[in-house]
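Subject: Structure handover

Hi,

Here is the structure I promised you. Please open it alongside this email, and read on for what turned up.

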Amino acid sequence: MTRVLSGIQPTGDVHLGNFLGALRQWAIDQHTHDSFYTAVDLHAVTVQQDPLELRSKTLETMATLVAVGLDPEVCTLFVQSHVPCHTELSWLLECTVSFGELRRMTQFKDKSAKQSDSGQEHVSAGLFTYPALMAADILIYDADRVPVGDDQRQHLELTRDIAERFNSRYGETFVLPEAAIPKIAARVMDLQEPTNKMSKSSESPMGTVGIFEETSAIAKKFKRAITDSENQVRFDFEAKPGVTNLLSILGAATDRDPESLADEYHQYGPLKNDTAEAIITVLEPVQNRRAELLADPAELGRIIARGAEKASEVAVVTVQRAKDAMGFLSAG
Ligand code: TYM
């Protein structure tokens, strides 16, 4: 069976972009692939985190993964830092990737620019080497397929380049992974600034829809979504980013083609209402399930411990293979 791996940072609040672009795809993939999903806490600390908050967000993220339908009996759900060989492999890959390749990563350029603009002098070295850790997360499970939103495409390309270079230097060691980017909602946009992607770090709270927000707040955000003055419903991102974003969200929530949905609407009001309603229908069971899980920390603890064990069994084998290939002397 082919392997799948993907991850989400346990920071901020999980939003509609994460949910439609990634998490829903994970829940489908678990039934057809040997799947590994992780809360990437080691990635989160590339920017400074409050320790108490990191701990509680990591737990909440694990509850979220179960709540969106990931079944710990079917797939492996784990916290990244519980499998220490990720950082070990990351070092080997940092020595495989070049400074120039890391410098070209748009996520690093955007995040470091944002930090400097907000007056933060400190851009961590971890933020720069982040893609090597992400490559390690993927390559350590021999993943064939990596379901992600469009913003991770460049990191996936770099992961393939790193794997290819390693294999050609040291012999076949890693599987070359493919990004699996959904056809609809691969890039959910901010409801207030529809030319920017919806993001946890956005300064636009009305533009970002958290999946655990109260349903009345979600409805209000859709009602106030920015459209345009044309009052014509058409799927055309260049000319009508706001309307096109709503059609994509509605399409993703109802499993329908966003372009043909456009024919059913003549005014923006009903499109906004139906999109809000469709999203709320999908999110309500997820919200209820997460509340139940957070009320049962013992069960969540068991899921997390079992996931760490299952993920480690696979990861140690790959790291050893990579170390052997590179010529590290074995201890025994
Ligand atoms: P993160 O935590 O930023 O996002 C988690 C997932 O959500 C997707 N996503 C979106 N999809 C559509 N529209 C949006 N507006 C949107 N915003 C976010 C992301 O593409 C991602 O799939 N570097 C990764 C985490 C990571 C990872 C990995 C992913 C670490 N190791 C290994 C895959 C494989 C990140 O920061 O995702």
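Start with helix H3. Its buried residues are Leu54, Lys57, Thr58, Thr61, Met62, Ala63, Thr64, Leu65, Val66 and Ala67. Keep in mind that this is a predicted model. H3 runs over residues 51-67, which makes 17 residues. From first C-alpha to last, H3 reaches 24 Å, close to the 24 Å expected at 1.5 Å a residue. Just after H3 comes glycine 69, with a positive phi of about 115°.

Helix H8 can be read in the same way. H8 covers residues 153-170 and has 18 residues. H8 reaches 26 Å from its first C-alpha to its last, close to the 26 Å expected at 1.5 Å a residue. The buried residues in H8 are His155, Leu156, Leu158, Thr159, Ile162, Ala163, Phe166 and Asn167. Glycine 171 follows H8, and its phi is positive, near 95°.

**Ligand site**

There are 28 residues around the ligand. Tyr130, Asp137, Gly149, Asp151 and Val188 come nearest. Here are some distances to look at:

- Tyrosine 130: a polar side-chain atom lies 2.6 Å from a nitrogen atom of the ligand.
- Glycine 149: a polar backbone atom is 2.9 Å from an oxygen atom of the ligand.
- Aspartate 151: a polar side-chain atom lies 2.4 Å from an oxygen atom of the ligand.

**Aromatic rings**

How many aromatic pairs does a search of the whole structure find? It finds seven. One of them joins phenylalanine 78 and tyrosine 141. The ring centres are 5.5 Å apart, the planes are at 55°, and the pair is tilted. This pair links distant parts of the chain. Phenylalanine 78 is in strand S3 (residues 76-79). Tyrosine 141 is in the loop between helix H7 (125-139) and strand S4 (145-147). The two residues are 63 residues apart. Phenylalanine 78 and tyrosine 141 are both buried. Ring pairs also bring in Phe36, giving a cluster of Phe36, Phe78 and Tyr141.

The charged end of arginine 290 sits over the ring of phenylalanine 212, 3.7 Å from the ring centre.

**Cysteines**

The whole structure was searched for disulfides, and zero were found. Cysteine 85 is in no disulfide, and its nearest cysteine sulfur, that of cysteine 95, is 17 Å away. A disulfide needs the two sulfur atoms within 2.5 Å, so a 17 Å separation rules out this pair. Cysteine 95 is likewise in no disulfide, with the sulfur of cysteine 85 as its nearest. Is cysteine 85 buried or exposed? Cysteine 85 counts as buried because its relative accessibility is 7%. Cysteine 95 is partly exposed, with a relative accessible area of 43%.

Two aspartates belong here.

Aspartate 142 has a phi near 50°, a positive value in a residue other than glycine. Aspartate 142 is in the loop between H7 and S4. At 19% relative accessibility, aspartate 142 counts as buried, because the cut-off is under 20%.

Aspartate 255 has a positive phi near 55°, and this residue too is not a glycine. Aspartate 255 lies in the loop between helix H10 (241-254) and helix H11 (258-262). Its relative accessibility is 69%, so aspartate 255 counts as exposed.

Where is glutamate 203? It is in the loop between strand S5 (178-180) and helix H9 (215-223). Glutamate 203 has 74% relative accessibility, so it counts as exposed. Glutamate 203 and alanine 262 are 59 residues apart along the chain, and their C-alpha atoms are separated by 30 Å.

Histidine 31 lies in the loop between helix H1 (16-29) and strand S2 (34-39). Histidine 31 is exposed, with a relative accessible area of 57%. The side chains of histidine 31 and glutamine 30 are joined by a polar contact of 3.4 Å. Histidine 31 and leucine 70 are 39 residues apart in sequence. In space, C-alpha to C-alpha, histidine 31 and leucine 70 are 9.6 Å apart.

Best wishes

Terms used:
Residues numbered from 1 in each chain as written. Predicted model: local features only at pLDDT ≥ 70, side-chain atom pairs only at ≥ 80, totals over all residues. Heavy atoms only, no water. Helix = DSSP H or I, 4+ residues; strand = E, 2+ residues; numbered from the N terminus. Expected span 1.5 Å × (residues − 1). Buried < 20%, exposed > 50% of the residue type's maximum accessible area, 1.4 Å probe, protein only. Phe/Tyr/Trp six-rings, centres within 6.5 Å; stacked < 30°, edge-to-face > 60°. Lys NZ or Arg CZ within 6 Å of the ring centre and 35° of its normal. Near = heavy atom within 4 Å. Polar contact = N/O pair within 3.5 Å; in protein donor to acceptor, adjacent residues only side chain to side chain.
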